[in-house]
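Please look over the sequence and the predicted model shown here.

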Amino acid sequence: MTDFDVAVVGAGVAGLTAARVAAESGLRVVAFDRLSPGGQLVNLTTVHDYPEPGGSAESWPVVSELVARAEAAGVTMRFDEVTHVRAGEPVRLETGGGDVTAGAVVIATGLGNGRLGLPGEEALVGRGLSTCAGCDGPLYRGKAVAVVGDDEWTAEEALELAELASAVTVLVPELPTWSAARAERLAAADRVAVVTGATVTAVHADGVLEGVTVRTADGERELAVQGVFPYVGRRGPAGLVEAAQTDEEQRLVTEDGVRTAVPTMFVAGDARARAGQTMSEAMADGVAAGQAAVAALRPVTGPSLTIVDPTSGVLPAEEEAGSLAGGTAGWTQVALFSNSKPNATELLQGMGERLKEHWQLADLGFASKPNASTAADKDTIDWLAQCYRMVLVAVGD
Amino acid sequence: MAPLVVTETFLPLVEAQAKARRLTPRVLVVPHPVGGLNGAELAGRIEAAAASLLPMADQARGTA
């Protein structure tokens with residue numbers, strides 16, 4: 001027996017949500033975080049575009065609610081660093097508190113802190129290099145700082161620093177991707193200058209940061225700043241998971257939403273390749289990952305399901321066999337049900353047209369799986385069974 | 001009635017699943033694969049499968 005049914009690595013928005021959803025299904029769930037729950041929310045004073053686009057909320061009450069709901073659902077919180085995840089059955093996690101086994105794992109670590117990718121950079125963490133305006137901003141009151149990045153977060157951090165610093169230079173490697181609304185706020189802010197096409201090529205320090213070298217199309221120049229806040233170079237948890245497929249930013253690649261090639265491993269939130277890095281998407285990912293973990297374990301942990309070996313099978317219960325009987329549709333009610341494999345729908349439609357002509361049918365119903373790699377939705381099957389006398393089904397590839 | 005249009009590679013799987021559920025599906029077997037065929041090739045598959053489907057459907061409806 002495993003230590004837990006589901007282990008969640010990372011107790012940020014996505015991780016806490018995934019853990020809660022899995023626990024609410026009655027599974028034994030542990031959520032790991034090396035420091036404290038909340039993920040990136042810990043570094044934000046205000047959550048923007050939450051709970052609705054254009055809205056905002058203080059971050060800590062949001063974190064508190066996420067934690068409270070997870071714990072109320074029965075999630076065990078552990079504040080150990082997970083150093084390695086070995087996918088398999090069971091999943092094995094190496095943590096600062098010892099090894100832990102689980103039936104499934106949700107990777108929700110988010111991304112690492114921003115980095116410029118320059119020599120000597122790490123030595124300046126806490127000595128002029130920061131990735132948290134809300135935490136470290138007061139240290140730069142009345143001083144000049146640079147913010148490096150191009151996204152919404154970069155813009156918000158710059159705006160927050162502008163309340164304190166004497167000058168904020170936003171260095172955008174190419175062009176900004178932040179919204180027009182934030183562009184307006186940046187333009188209206190005192191002490192903020194935005195430089196596009198700007199790359200930091202060196203940091204200069206004498207114990208503490210004294211400046212950076214910035215290269216633009218016009219050449220290189222020195223920028224005297226006491227603080228630099230990089231939001232570029234953030235990396236996913238590629239090294240955490242054994243043999244995981246990752247993208248160029250070391251985020252974990254999924255095959256279908258939050259699912260990976262490993263049936264018992266799921267990815268939620270910013271650690272997932274192509275994640276939108278928004279609060280709402282992190283929550284949606286968490287729900288999806290929690291549900292997927294439950295579904296992956298249900299055959300062996302659920303109270304009401306039976307594992308069926310398709311090569312030999314088991315006898316269906318009498319009531320189950322009875323439920324297979326269809327509705328009251330007549331022979332004019334014919335539908336197609338595609339497995340969504342390439343050309344499957346076209347094949348069915350071609351055959352359906354021949355039958356439609358042969359029987360002089362007015363039209364044909366149609367349904368399909370959401371995609372080829374997922375099981376057919378039970379409600380769809382029930383609907384077809386009730387509404388149609390004949391359903392032509394595609395099986396194969 | 002739910003005729004299954006099955007590529008031949010998947011026929012053993014379908015038969016095993018049917019056996020497990022004590023069902024006897026009406027199966028229309030077409031050459032594997034279907035994905036990747038061009039329009040002309042797919043049209044040939046459709047013609048062949050429809051030639052089997054129509055009498056099967058008539059028989060099931062009782063109009064054969």
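Val214(A) has Arg221(A) as its bridge partner in E14(A). The two strands involved are antiparallel: E13 of chain A, residues 208-216, pairs with E14(A) over five bridges.

Both strands belong to an open sheet of three, ordered E12-E13-E14 in chain A, with antiparallel pairing. Its edges are strand E12 (199-206) and strand E14 (219-223) of chain A, each of which pairs on one side only. Direction ignored, neighbouring strands here are turned by 20° against each other on average.

Five strands take the order E18(A)-E17(A)-E19(A)-E1(B)-E2(B), with parallel pairing. Strand E18 (365-368) of chain A is one edge, and strand E2 (27-30) of chain B is the other. From one strand to the next, the twist averages 20°.

In chain B, strand E1 (residues 4-7) runs parallel to E2(B), joined by four bridges. Within this pairing, Thr7(B) stands opposite Val30(B) of E2(B).

Helix H8 of chain A, residues 344-359, lies across strands from both chains. These are E17 (334-338), E18 and E19 (390-395) of chain A, with E1 and E2 of chain B. H8 runs at about 170° to E17(A).

Helix H2 of chain B, residues 39-61, also packs on the sheet. Helix H2 touches E19 of chain A and E2 of chain B. Its direction makes about 165° with that of E2(B).

## Chain B as a whole

Chain B has two helices and two strands. From the N terminus on, they follow the pattern β-α-β-α. The chain has 64 residues, of which 36% count as buried. Consider contacts in chain B between residues at least 6 apart in sequence: 44% of them join residues at least 24 apart.

## Two residues in one loop

Where is Val125(A)? It is in the loop between strand E8 (98-107) and helix H3 (133-136) of chain A. Val125(A) counts as partly exposed because its relative accessibility is 37%, between the 20% and 50% cut-offs. From Val125(A) to Arg354(A), the C-alpha distance is 71 Å, across 229 residues of sequence.

Thr131(A) also lies between E8 and H3 of chain A. Thr131(A) is buried, at 12% relative accessible area. Beyond its neighbours within four places in sequence, Thr131(A) contacts Asn113(A), Gly114(A), Arg115(A), Glu157(A), Phe229(A), Pro230(A) and Tyr231(A).

## Aromatic pairs and a charge over a ring

There are three aromatic pairs over all chains. One of them joins Tyr140(A) and Phe229(A) edge-to-face, at 5.5 Å centre to centre with 75° between the planes. Tyr140(A) is in the loop between H3 and strand E9 (144-148), while Phe229(A) is in strand E15 (residues 227-230), so the pair ties together parts of chain A that are 89 residues apart in sequence. Both Tyr140(A) and Phe229(A) are buried.

Trp331(A) and Trp359(A) also form an edge-to-face pair, with 5.9 Å between centres and 85° between planes. Trp331(A) lies in the loop between helix H7 (318-323) and E17, and Trp359(A) in helix H8, so this pair ties together parts of chain A that are 28 residues apart in sequence. Both Trp331(A) and Trp359(A) are buried. Chain B reaches this site too: Arg61(B) lies over the face of Trp359(A), at 4.1 Å from the ring centre.

Definitions and conventions. Residues are numbered from 1 along each chain as its sequence is written. Chains are lettered from A and ligands numbered from 1 in the order in which they are written. This is a predicted model: local features need pLDDT of at least 70, side-chain atom pairs count only at pLDDT 80 or more; totals for chains, interfaces and linings use all residues. Side-chain values use heavy atoms; hydrogens and water are left out. Two strands pair if DSSP finds at least two bridges between them. Axes are lines fitted to C-alpha atoms, for helices over the stretch in contact, and angles run from 0 to 180 degrees between N-to-C directions. Contact means heavy atoms within 4.5 Å. Buried means under 20% relative accessible area, exposed over 50%, partly exposed in between (1.4 Å probe, protein chains only). Rings of Phe, Tyr and Trp (its six-membered ring) pair if their centres lie within 6.5 Å; planes under 30 degrees apart count as stacked, over 60 as edge-to-face and the rest as tilted. A charge sits over a ring if NZ of Lys or CZ of Arg is within 6 Å of the ring centre and within 35 degrees of the ring normal.
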